[in-house]
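Here is a short report on one protein chain. Please keep the model open while reading.

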Amino acid sequence: MAAPARLGLKVRCFSTSVVNPASKLVMPPIQVYGVEGRYATALFSAASKQKKLDLVEQELQKINSLMKDAKFSGLLVNPLTKRSVKQKAVNDVLTKQKVSPIMINFMNVLAENGRLRQTADVAGAFSKIMSAHRGEVLCSVTTAQPLDEAGLTDLKAALNGFLKKSETLKLETKTDPSILGGMIVSIGDKYTDMSTKTKIQKLSKLINEAI
């Protein structure tokens, strides 16, 4: 059996065996691709069956923060350290933090598959799934300068116009002086670049083509 197939089997086994060996996978509201998406989906399924989604989300973020410790993360990402040693180190830390059994089992799966270094990616993928589960629509807006209160209010009002009644806006604002002006907006699966920089680049291209 090829490595990707074995990985998929192990992840599916985690999501179905934690609660009931015969139970089916609970699909998340959105699909997140990649290895981190498969693990996040399996965790969502297992947590859904135990009705512990909020707890698992909190614990995963906590674990992700713990793994940023230089000494601890150094042990986990060291290719010379045996997986059994990494697994014991993780179990010791999680037991001390009184983490739930479902999260200990999940982290054991990551350790067994040599995926502990991808914990942050899995946490990010799980966060996206949970946002969709709560009806949140992620939106990122980049401007050259920080928006004032009036500008932020107008922006939120405009963005809310794209949402359904059951959805809520989760807005993240960033600043990037290099775009010169205007803004770059990413909402859900939609992306619009209205920056001055891009407008200048398009204009320059038209002028060069005309010459």
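**Confidence.** This is a predicted model, in which local features need pLDDT of at least 70, side-chain atom pairs count only at pLDDT 80 or more, and totals for chains, interfaces and linings use all residues. Residues are numbered from 1 along each chain as its sequence is written, and side-chain values use heavy atoms, with hydrogens and water left out. The protein has a mean pLDDT of 85 (the predictor's confidence in each residue, from 0 to 100). Residues at 70 or more make up 89% of the protein. Where pLDDT is low, the predicted coordinates should not be read in detail. Helices (H or I, at least four residues) and strands (E, at least two) are DSSP runs, numbered from the N terminus.

**Helix pair.** Helix 2 (residues 34-49) meets helix 6 (residues 101-112): their axes come within 11 Å and cross at roughly 155°. Axes are lines fitted to C-alpha atoms, for helices over the stretch in contact, and angles run from 0 to 180 degrees between N-to-C directions. Helix 2 and helix 6 are therefore roughly antiparallel (angles over 145 degrees). Which residues of helix 2 and helix 6 make the contact? Helix 2 supplies Tyr39, Leu43, Ala46 and Ala47, while helix 6 supplies Ile102, Met103, Phe106, Val109 and Leu110. Contact means heavy atoms within 4.5 Å. By class, this contact has 9 nonpolar, no polar and no charged residues. Ala, Val, Leu, Ile, Met, Phe, Trp, Tyr, Cys and Pro count as nonpolar, Asp, Glu, Lys and Arg as charged, and the others, Gly among them, as polar.

**Positive phi.** Lys98 sits in the loop between helix 5 (83-96) and helix 6. Leu180 is in the loop between strand 2 (168-175) and strand 3 (183-187). Each is a residue other than glycine with a positive phi.

| Residue | Phi | Relative accessible area |
|---|---|---|
| Lys98 | near 60° | 74%, exposed |
| Leu180 | near 75° | 54%, exposed |

Buried means under 20% relative accessible area, exposed over 50%, and partly exposed in between (1.4 Å probe, protein chains only).

**Thr168.** Thr168 belongs to strand 2. Is Thr168 exposed or partly exposed? With a relative accessible area of 42%, Thr168 is partly exposed. Leaving out residues up to four places away in sequence, Thr168 touches Gly135, Glu136, Val137 and Leu163. Leu138 is 30 residues from Thr168 along the chain, and their C-alpha atoms are separated by 8.8 Å.

Methods
Angles under 35 degrees count as roughly parallel, over 145 as roughly antiparallel, 65 to 115 as roughly perpendicular and the rest as oblique.
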